Amino acid sequence: MKWITIIFAVISFNITASEQGKSIDLTQFDQPFLLGDWYLLNPDPTNSQEDFVAIKLSLDSKYNFSIDIQKKDFTVDHWEGFYHASEDTIILGSNSSDPQIYEYDLNHNALQLNGVIFRKALANELAGSWSSEHLSGDDMAASDINQMELTLRPDFVFDFKVINDEGMERAHQGVYITEGEQLILLYKDGEQSTRYTLDSDELTLKGEDGSTFAVLSRNQIVAPQ
């Protein structure tokens, strides 16, 4: 894997960055599907010539990136810095003297860098099937909503359903992105942006300006597809 070879060469410089910006609205980020933790696993580390077991690439909305390479001798190499991304090109170490440029393609849960495919994974236990225990807020009251069902799958696909007092249902299916406490549901006809807190088997969602407040309990863990 030529891409892996380049990363091993560059990582020895140990480029670092500590500048932090303010949290931004993920819906305004140019390439929101890039955000998150991406993993590449060596399918046969015992016999492979590549000296790694797993690679984690993290990209955030402040244009910080980090790469951690777990090697066969159980040591971990680390590289971090700033990145820049267009629609098909990403530059790692854009603030360095030796930036690395890669062509990429992606969807909501797969990132291909120069032909090498990384898979996105959640950093917490957000995935699951959730049912409402308490609902309030202007949007809920205006639509007479009394029940909410939300399924967040580990592959970043969601199913969302609300039911009003008359038993009428409205459902959406799409993909979701998350960073920090932000959770964005993206579907064919629009999007929903919320802040969330996760406490074991209780998920709390808060909309902008008090429009939505929902406390949901976990029904079951959703197995990977």
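Trainee: Is arginine 195 buried, partly exposed or exposed, and how is such a label read?

Mentor: The label rests on relative accessible area, with under 20% read as buried and over 50% as exposed. In this predicted model, arginine 195 has a relative accessible area of 30%, so the residue is partly exposed.

Trainee: With which residue does arginine 195 form a salt bridge?

Mentor: To read a salt bridge, one looks for a side-chain nitrogen of Lys or Arg within 4 Å of a carboxyl oxygen of Asp or Glu. Here the partner of arginine 195 is glutamate 181, and the closest N and O atoms of the two are 3.3 Å apart. Glutamate 181 lies in the loop between strand 12 (169-179) and strand 13 (182-187), while arginine 195 belongs to strand 14 (residues 190-199), so the pair ties together parts that are 14 residues apart in sequence. Glutamate 181 counts as partly exposed, because its relative accessibility is 40%.

Trainee: How many salt bridges does the count come to?

Mentor: By this rule there are five salt bridges. One of them is the contact between the side chains of arginine 218 and aspartate 201, at 2.8 Å from N to O. This pair links distant parts of the chain, with arginine 218 in strand 16 (residues 213-220) and aspartate 201 in the loop between strand 14 and strand 15 (202-206), 17 residues apart. Arginine 218 counts as buried at 13% relative accessibility, whereas aspartate 201, at 43%, counts as partly exposed.

Trainee: Which residues do salt bridges that share partners join into one network?

Mentor: The network is made of Asp51, Lys71 and Asp77. Within it, the side chains of lysine 71 and aspartate 77 meet at 3.6 Å, N to O. Lysine 71 is buried, since its relative accessible area is 18%, and aspartate 77 counts as partly exposed at 23% relative accessibility.

Trainee: How many bridges join strand 13 to strand 14, and how do these strands run?

Mentor: Strands are read as a pair when at least two bridges are found between them. Strand 13 and strand 14 run antiparallel and are joined by six bridges, and a hairpin connects them through two residues. As an example of a bridge, leucine 186 has glutamate 191 in strand 14 as its partner. Strand 14 also runs antiparallel to strand 15, and five bridges join these two.

Trainee: Where does a positive phi occur in the hairpin of strand 14 and strand 15?

Mentor: That hairpin has two residues between its strands, and serine 200 takes a positive phi near 55° there. Another case to look for is phenylalanine 74, a residue other than glycine, whose phi is also positive, near 75°. Phenylalanine 74 sits in the loop between strand 3 (64-70) and strand 4 (76-85), and its relative accessible area of 71% makes it exposed. Phenylalanine 156, likewise not a glycine, has a positive phi of about 70°. Its place is the loop between strand 10 (145-152) and strand 11 (157-164), and at 3% relative accessibility phenylalanine 156 counts as buried.

Trainee: Which residues form a negative surface patch?

Mentor: The patch is formed by Asp30, Glu87, Asp88, Glu103 and Asp105. To place one of its members, aspartate 105 can be found in strand 6 (residues 100-106), where this aspartate 105 counts as exposed because its relative accessibility is 52%.

Notes
Residues are numbered from 1 along each chain as its sequence is written. This is a predicted model: local features need pLDDT of at least 70, side-chain atom pairs count only at pLDDT 80 or more; totals for chains, interfaces and linings use all residues. Side-chain values use heavy atoms; hydrogens and water are left out. Patches are made of residues with over 30% relative accessible area and no salt bridge: like charges are joined within 9 Å, nonpolar side chains (Val, Leu, Ile, Met, Phe, Trp, Tyr) within 5 Å. Accessible areas come from the Shrake-Rupley method with a 1.4 Å probe; for residues, only the protein chains shown count as cover. Lys and Arg count as positive and Asp and Glu as negative; His and the chain ends are not counted. The place of a charge is taken as NZ of Lys, CZ of Arg, CG of Asp or CD of Glu. Helices (H or I, at least four residues) and strands (E, at least two) are DSSP runs, numbered from the N terminus. Buried means under 20% relative accessible area, exposed over 50%, partly exposed in between (1.4 Å probe, protein chains only).
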